[in-house]
Amino acid sequence: MINMIFFGLKRKLWNKKYVLKLIIIFMVLGGILYVDRILENITLFQRVQVSLDESTIMYQEYFKDTVNVEYVDKANIRIVFEDDWKIYSDEVISEEVMFDIQNSISKVPGFTYPEPLYDISYYHSKIKDPYLELIVYTMVYFILMSKSIGSVQEIIEDKHSGMASYYLTCISSNQYVVCKIVEGWIQIFIEYICMFVFICIWALIRYGYPFTHQLYDWIQNFIVLDGSYFRLPILLVGIVSMLIGIFMIQYVIVLFMSKSKSIEEANHMMIWIHSLPILIYYVAMSIFDTNVINYCKYIPFLQTLLLPMSLSLDGEISLIYYGYMLLEGIFLYFLLYFSKNSMRKSILDIEKSYVPI
Amino acid sequence: MLTFKNVTRLYASNKGLRNCTWEVENNKVVGILGNNGCGKTTTFKLLLQLEDVDEGVILYNNRPINAMNLNAFGYVPEEKRLYQDCIVNDLLTLVGTLKGVGKKDINKKINECLQDFDLHDFKYRKVYELSKGNQQILQIIMAILHNPKILILDEPFNGLDKNKLQQVIHLIRNRKGITLISLHQYELVNCICDKVIYLKDGCVESIEEVSHD
């Protein structure tokens, strides 16, 4: 089985197309990690819009457009006269813009040196509760489920090209399906490891030049999560229990899809079959913060999401959770055991007997 | 000894095998001949356990065939079943290891087989770079890599040139174990087979021994 998984991974990951894809991802990630610099350069030749207030509009003849500043009716930077010249802005004003504005103000009779007042009135509230782990579970769930589409399609293609029956002259149908599902998971894992390494490389490059704290400051505007709340043991146990559930769902999808008689029929079925994980997700989401979760977390398939969710809500790993996971594992074993014949018949398209009685 | 005892396998189209009985001794080459749809491929699928027997029993050395390890079989299907985008060596390594060839021996076995068929230069090439005939040879190598007790060849000579044909015939004649072969080239039967089973509409029409004197 390990050889088969290794063969599949080598075939998919060690080819020109995949290497090219990685290079593109590397470049795109580089672009993303330098986005603040890139945007800065793009906006370098764009003039900053500044407006005059009712109190200053009478001096508009002194405020002529410059290389850096464009005077308009309404803008985020406003020049006001309140006992003294003031500049209101909700963003940091660059030195060049400040110089141009001051230069214009200095031409006004009775000029005194203006002090800019920053009127920054917004800030981000950070998410800091079990919902954070929920976000991780949702990500893992949908990433693996999206990959299952690829694995299922591969099994269907193998079935209709005859490769599946060739494999089944060497290994059992369950071994074959398990290999394909696990291969898909490992492929996803490798892809994300590669992306992580690329991000680290770019971050290191930025750490050297230009200074990385600028990027950090820029990212802070968008980050609404508080990473310090992660409870790693809970997250890990939750993900393991979720993987068992995801495996079950993928297996059932393969079981149904492999009954298709042609690739076209499989494509038609695909739309309906893949609504199953979405349905499970929404059912789980609708009941996770109610009492119903206590009863539904025993139900196979729903367990996939409800068990980790319930674990996050409780906030501690008690022995009973290992019991639930064992239950999930036992159900998976029975599913594999009792459906192995059906799986074999589906993949090989074995017709029922037509011997007259 | 491989034995088919009253084996029946019928499909909805009323085709398949009906009450077939025949047997073949070890180290013999058996040709299974007949028109299209006479049951040749069904026979092979039943042996490979890719189909279920409706009635009757298939025995190998007096043991039911489904008690046998799948590694006992080598199979060359009628149509090409190869991943075109993978490297020849990778494909052979996979098939060899799946069929139970040890990691130490696999490389040696692959080299031997590729050299036997003058394909050594293609060891690290992609499958799609091989000609149709060479792809057929590759399928045959995949089937014999682990020295199977029962080798099943479904139309193995399709697309082979004269040289390759001779090499395959030489391989079939000199291997140990039972070889079952389905053919449309009737002129080759006498030089390859020890026994010929003629099928018609899923039934055994006749069985003939071939003398090589």
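Hi everyone, let's start on one side of helix H11 in chain A, where Ser275(A), Ile278(A), Leu279(A), Tyr282(A) and Ser286(A) are exposed. Before I go on, please keep in mind that this is a predicted model.

So which residues of H11(A) are buried? They are Pro277(A), Ile280(A) and Ala284(A). Looking down the axis of H11(A), you would find its buried residues within an arc of 60 degrees, so they line one face of the helix. If you are new to helices, here is the background: an α-helix has 3.6 residues a turn, so residues three or four places apart point the same way. As for its length, H11(A) covers residues 275-287, which is 13 residues. From the first C-alpha to the last, H11(A) reaches 18 Å, close to the 18 Å expected at 1.5 Å a residue.

Now let's turn to chain B. How many helices and strands does chain B have? There are six helices and 10 strands. The radius of gyration of chain B is 17 Å, close to the 17 Å that the globule rule gives for 213 residues, so chain B is as compact as a globular protein of that length. Along the principal axes, its C-alpha atoms fill a box of roughly 45 × 35 × 35 Å. Buried residues are 41% of the 213 in this chain. And if you take the contacts in chain B with a separation of 6 or more, 68% of them come from residues 24 or more positions apart.

Next, a sheet. In chain B, four strands make an open sheet, ordered E2-E1-E4-E5, with antiparallel pairing. Strand E2 (16-24) and strand E5 (63-64) of chain B are at the edges with a single partner strand each, so one side of each has no neighbour in the sheet. The pairing of E4(B), residues 55-60, with E5(B) is antiparallel and runs over two bridges. You can find Leu59(B) opposite Pro64(B), which belongs to E5(B).

Last stop: the nonpolar cores. Which residues touch the most other members of the largest one? Among its 102 residues, the answer is Ile141(B) and Ile152(B). Leaving out residues up to four places away in sequence, Ile141(B) touches Leu92(B), Cys113(B), Leu114(B) and Phe117(B). Apart from that core lies another, of 12 residues, including Val48(A), Val50(A), Leu52(A) and Trp85(A).

Key:
Residues are numbered from 1 along each chain as its sequence is written. Chains are lettered from A and ligands numbered from 1 in the order in which they are written. This is a predicted model: local features need pLDDT of at least 70, side-chain atom pairs count only at pLDDT 80 or more; totals for chains, interfaces and linings use all residues. The radius of gyration is taken over C-alpha atoms; the globule rule is 2.2 Å times the number of residues to the power 0.38. A residue is buried if 20 or more other C-beta atoms lie within 10 Å of its own, exposed if 12 or fewer, and partly exposed in between; C-beta atoms are placed from the backbone. Two residues are in contact if their C-beta atoms, placed from the backbone, lie within 7 Å. Two strands pair if DSSP finds at least two bridges between them. The expected span of a helix is 1.5 Å times one less than its number of residues. The arc is that of the directions from the helix axis to the C-beta atoms. A nonpolar core is a set of buried Ala, Val, Leu, Ile, Met, Phe, Trp, Tyr and Cys residues joined through C-beta atoms within 7 Å.
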